Amino acid sequence: MTDQIAIGADIGGSHITSAAVNLRTFEILENTTFSAKIDNKASKDVIMQDWCKAINKTIESASLQTRADIGFAIPGPFNYKTGVALFQGENDKYESLYNVSVPEELPKFINSEKVSLRFLNDATSFGVGVSTQGKAKKCKRVIVVTLGTGFGSAFINNGVPQVNSKDVPEDGCLWDKSYKAGIGDDYFSTRWCIERYYEITSKRVKGVKEIAAADTDDSRRVFNEFGANMAEFMIPFIKKFQAEIIVMGGNISKASDLFLPRLKSDLQKADLQLEFEVSPLLEDAAIIGSAKLFVNDFWNVVKNELPEI
């Protein structure tokens, strides 16, 4: 039975969450979800030991001490084919892991006799996960966006992330694509919302939740602009990919009722009719998506398409 179970591990900037996933049903097994706080400025060994605080609890709870297949949902820059971390100073996290081979270094901290590790971008993992559940499960062409500290995205065709396909942007991601005076990440992230709110009100807030809670003409203006910008930015990518649905995740998506009406309206003006879903799965989707790397048919399709950045 254990050959039908894999662990998914979602790596964030300040925490890790791991859980065991049934690879037949893509359901997370009860009582196997564990989290641990991470100091991303710590040394290599301390970071890896802390990652394994959660992973080892999942291994014990799912009785995987003999063999543990672990898929990681991890942000870039990262070589997803080799498992070598490429975080540097400008990323402001995990610098001690730069040029470290996670498959070579991590197993010594894992409490299982045989360990296999595979890696997928965190936004892509979220996309794969939501494509197994909810509205997107019935759709062939899915665009996934994660809106939070950064702007993540994935293009999913028949459940498979697209990286080198002609109908998706380079590397299958949107965060680094040009928009207005910068790139997508500059406009569809928490920092844009905070800065734009400050420009309008001269009030400094810590996050999007405060802006949404303000419920003023100024706060509504911020979200209206956010929705208009996103429509303008996304239209050419939606048309080229012929997306049927956009699935959203991340903290900003919790305020979707404030920006989604403008986004939908502007897309309709561009003759684009598609479904929307704000995923309730949150990090569970990334866990499911990364665990799916151990489904043989899926792995055989994606393993040669994994980005190396």
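Is T58 buried or exposed? T58 is buried, with a relative accessible area of 0%. The model shown here is predicted. The close-ups below start at this residue.

**View 1**
T58 sits in helix α1. Residues under 20% relative accessible area count as buried, so T58, at 0%, is buried. Its side chain makes a polar contact of 2.7 Å with the side chain of S18. The side chain of T58 also reaches the backbone oxygen of T32, at 2.9 Å. Leaving out residues up to four places away in sequence, T58 touches I7, S18, A19, A20, T32 and F34.

**View 1. S61, also in helix α1.**
Helix α1 covers residues 44-61, and S61 belongs to it. S61 is partly exposed, with 32% relative accessibility. A polar atom of the S61 side chain lies 3.0 Å from the backbone oxygen of T58. S61 and T32 are 29 residues apart along the chain, yet their C-alpha atoms are separated by 5.6 Å. Not counting residues up to four places away in sequence, S61 touches N31, T32 and F34.

**View 2. Strand β5 and its partners.**
How many of the 8 residues of β5 are buried? The count is 7, so β5 is largely enclosed by the rest of the structure. Strand β5 runs parallel to β1, and 4 bridges join the two. Within β5, I70 stands opposite I7. Strand β5 also runs parallel to β8, here with 8 bridges.

**View 3. Helix α9, largely enclosed.**
Helix α9 spans residues 283-291. Of its 9 residues, 7 are buried, so the helix is largely enclosed by the rest of the structure. The buried residues are A285, A286, I287, I288, G289, S290 and A291. They pack against strands β1, β2, β3, β5 and β8, and against helix α3.

**View 4. T124 in helix α3.**
T124 lies in helix α3, which covers residues 122-130. T124 is buried, with a relative accessible area of 14%. Apart from its neighbours within four places in sequence, T124 is in contact with S153, A154 and P161.

**View 5. An open sheet of 5 strands.**
The strand order is β11-β10-β9-β14-β15, and the pairing is mixed. Strand β14 pairs with β15 in the parallel sense, over 4 bridges. M248 stands opposite V278 in β15. Helix α3 packs on this sheet and touches β9, β10, β11 and β14. The direction of α3 makes about 45° with that of β10. Helix α8, residues 256-269, packs on the sheet as well. Helix α8 touches β9, β14 and β15, and its direction makes about 165° with that of β15.

**View 6. Helices α5 and α7 cross.**
Helix α5 covers residues 190-201, and helix α7 covers residues 217-241. Their axes come within 10 Å and cross at roughly 135°. The two helices are therefore oblique to each other. The crossing is right-handed. On the α5 side, the residues that meet α7 are W192, C193, R196, Y197, I200 and T201. On the α7 side, they meet D218, S219, R221, V222, E225, F226 and N229.

Most residues other than glycine have a negative phi, and most peptide bonds are trans. The following residues depart from that pattern. The peptide bond from G76 to P77 is cis, with omega near 0°. P77 lies in the loop between β5 and β6. Q242 has a positive phi, near 55°, and is not a glycine. Q242 is placed in the loop between α7 and β14. With 58% relative accessibility, Q242 is exposed. D271 is not a glycine either, but its phi is positive, about 65°. D271 belongs to the loop between α8 and β15. With 68% relative accessibility, D271 counts as exposed.

Note on methods. Residues numbered from 1 in each chain as written. Predicted model: local features only at pLDDT ≥ 70, side-chain atom pairs only at ≥ 80, totals over all residues. Heavy atoms only, no water. Buried < 20%, exposed > 50% of the residue type's maximum accessible area, 1.4 Å probe, protein only. Contact = heavy atoms within 4.5 Å. Polar contact = N/O pair within 3.5 Å; in protein donor to acceptor, adjacent residues only side chain to side chain. Pairing = 2+ DSSP bridges. Axes fitted to C-alpha atoms, helices over the stretch in contact; angles between N-to-C directions. Parallel < 35°, antiparallel > 145°, perpendicular 65-115°, else oblique. Left-handed = near helix turned anticlockwise from the far one by under 90°.
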